[in-house]
Amino acid sequence: MPPPAEKDLAYTPPDGGWGWVVVLGAFVSIGFSYAFPKSIAIFFKEIQDFFGSSSSEIAWVSSIMLAATYGGGPLSSILVNRFGSRPVVMFGGLLCGIGMISASFCTSIFQLYICAGLVTGLGLAFNLQPSVIIIGKYFLKRRPIANGLAMAGSPVMLCTLAPLNQLLFDMFGWRGSFFILGALLLHCCVAGALFRPIGPPAGSPKEPANKQATETLQKEQFDLGLVEVADPGEEEKEDKDCCEKVNRFLDFSLFKHRGFLIYLIGNVLMFLGFFAPIVFLAPYAKHLGIDEYSAAFLLSILAIVDMIARPTTGIIANSKWVRPKIQYFFGFSIAFNGACHLLCPLATGYSGLVVYSVFFGLAFGMVCAMLFETLMDLVGASRFTSAVGLVTIVECCTILLGPPIGGTLIDTFGDYKYMFIKCGAVMVLAGIFLCIMNYYNYRMLAKEEKARRKHEATETDDEAVRTPTFPKEEDTTKVEKMQDGHETIPLKSEEEGLKNGAQITNEA
């Protein structure tokens with residue numbers, strides 16, 4: 001039996017026990033959240049022919065789904081803080097199932113944007129962030145291992161879903177496949193049911209009742225004419241409280257942080273070319289005349305290499321040689337990713353695409369392994385949650401635009417190579433930008449630290465000159481005692497001498 005959640009484990013992570021069941025649930029929910037938007041690209045060629053749409057129009061399905069998954073992160077965090085991880089993940093699984101089942105009945109590409117893109121993407125967002133949060137509540141010392149096992153769900157799911165989607169399409173068509181995938185996504189509800197609450201309650205149940213009682217009292221006072229006109233100072237205080245509540249979830253002062261801004265600009269540029277090659281890899285292989293199952297297997301190859309690259313990159317990045325310069329390693333990984341895309345048009349056969357998939361999976365895993373670690377290295381653990389929320393909100397714009405821009409290039413030139421060249425050039429530029437600007441940031445930090453130390457040393461010297469030196473209290477007391485002693489001893493001797501002289505006179 002799992003340990004009860006409300007006893008001694010309320011504020012102490014168990015680092016095991018039922019936590020490993022939670023990791024299993026997170027493996028499923030995180031795997032679907034990351035892999036599903038990439039795996040449905042298997043159907044794009046057939047859906048494009050069915051609706052007679054262009055490559056850029058069909059790419060919006062994945063773009064909207066990815067943007068909703070990333071952009072819904074802050075909303076998901078707020079819901080988790082209010083209700084806990086279990087109900088949010090279960091509701092997200094329900095949204096995913098409804099979205100994909102509804103998509104199977106769509107009669108236009110715009111309806112696919114709403115059902116498969118927006119609804120399913122928002123459901124995936126409600127699966128992703130709560131799963132990461134609940135692991136942090138169950139694990140402390142073993143948290144890296146638990147996170148690593150849960151995050152492994154992404155490549156494993158992608159490796160599984162890519163050939164499965166092709167099999168479903170051959171047997172049931174894209175409509176039947178979407179219906180079955182919607183039912184499959186309902187398993188996220190089962191995964192969420194495994195997330196037993198632990199730690200302090202997410203919200204106090206007394207607050208709504210107190211709030212309702214306050215509103216009732218105010219209404220009664222208003223009916224009796226007892227409510228006075230609001231003071232402008234109170235309105236300002238309410239506005240200030242509202243701003244404080246917003247800043248509690250999103251710390252906007254991070255936009256004054258130089259390292260955060262460098263990271264944000266580099267990532268926004270990177271995401272213009274990050275997801276488009278995955279979305280169009282299988283359609284590109286079909287365009288070259290490769291059969292459907294071989295084209296789907298390219299995504300499986302990419303996922304297998306990605307699964308190996310992530311932990312390996314984590315070990316290298318944590319070494320004493322790379323750790324101090326992890327920002328440079330991250331920039332190199334992005335540039336390496338872009339170089340793979342630039343060389344992809346040279347692959348004109350299946351063997352060349354297999355080699356590209358291997359290197360693409362390696363580069364993709366390297367970037368994903370350091371994506372959040374580099375952010376925490378810049379802003380620190382205390383501001384990391386707000387930083388992730390702000391980054392995902394801004395990044396979802398370029399995530400939304402990346403694949404459609406690539407699709408527009410395909411429609412314009414009638415060739416996929418220009419899409420890969422665009423993605424490669426953008427990512428190489430982003431990697432170079434991060435390396436140069438992080439070098440500048442390190443130099444500026446060193447100068448600021450040197451100036452701060454010099455300023456502190458100057459202030460210390462000034463205080464030493466201004467402050468007169470007085471003897472210590474103990475030394476003053478000793479001096480006083482010594483002075484008292486020199487004065488009393490001779491007096492005592494004189495008194496004894498007078499007494500002795502009086503005694504001699506009396507005897508005579």
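In the predicted model, glutamate 449 is partly exposed, with a relative accessible area of 28%, whereas arginine 453 is exposed at 55%. The two residues are joined by a salt bridge whose closest N and O atoms are 3.2 Å apart. Both belong to helix α18, where a spacing of four residues corresponds to about one turn. Through salt bridges with shared partners, Glu449, Arg452, Arg453 and Glu456 form one network.

The count of salt bridges comes to six. One of them pairs arginine 310 with aspartate 306, at 2.9 Å between the closest N and O atoms. These residues are four positions apart in helix α14 (residues 292–317) and are therefore separated by about one helical turn; both are buried. A further salt bridge, with a closest N to O distance of 3.6 Å, connects lysine 286 and glutamate 46. This pair links distant parts of the chain, since lysine 286 lies in helix α13 (residues 276–287) and glutamate 46, 240 residues apart from it, in helix α2 (residues 44–51). Lysine 286 is buried, with a relative accessible area of 15%, and glutamate 46 is buried as well, at 18%.

Ser76, Leu79, Val80 and Phe83 of α4 make the contact with Ser85, Pro87 and Val88 of α5.

A nonpolar surface patch comprises Leu342, Leu343, Leu346, Phe413, Tyr418 and Ile421, with about 590 Å² of accessible area together. Helices α15 (326–343) and α18 (417–466) each contribute at least two of its residues. Phenylalanine 413, located in helix α17 (residues 384–413), is partly exposed, with a relative accessible area of 48%.

Note on methods:
Residues numbered from 1 in each chain as written. Predicted model: local features only at pLDDT ≥ 70, side-chain atom pairs only at ≥ 80, totals over all residues. Heavy atoms only, no water. Patch = residues over 30% accessible without salt bridge, like charges linked within 9 Å, V, L, I, M, F, W, Y side chains within 5 Å. Areas by Shrake-Rupley, 256 points an atom, 1.4 Å probe, with all protein chains shown as cover. Salt bridge = Lys/Arg side-chain N within 4 Å of Asp/Glu carboxyl O. Buried < 20%, exposed > 50% of the residue type's maximum accessible area, 1.4 Å probe, protein only. Contact = heavy atoms within 4.5 Å.
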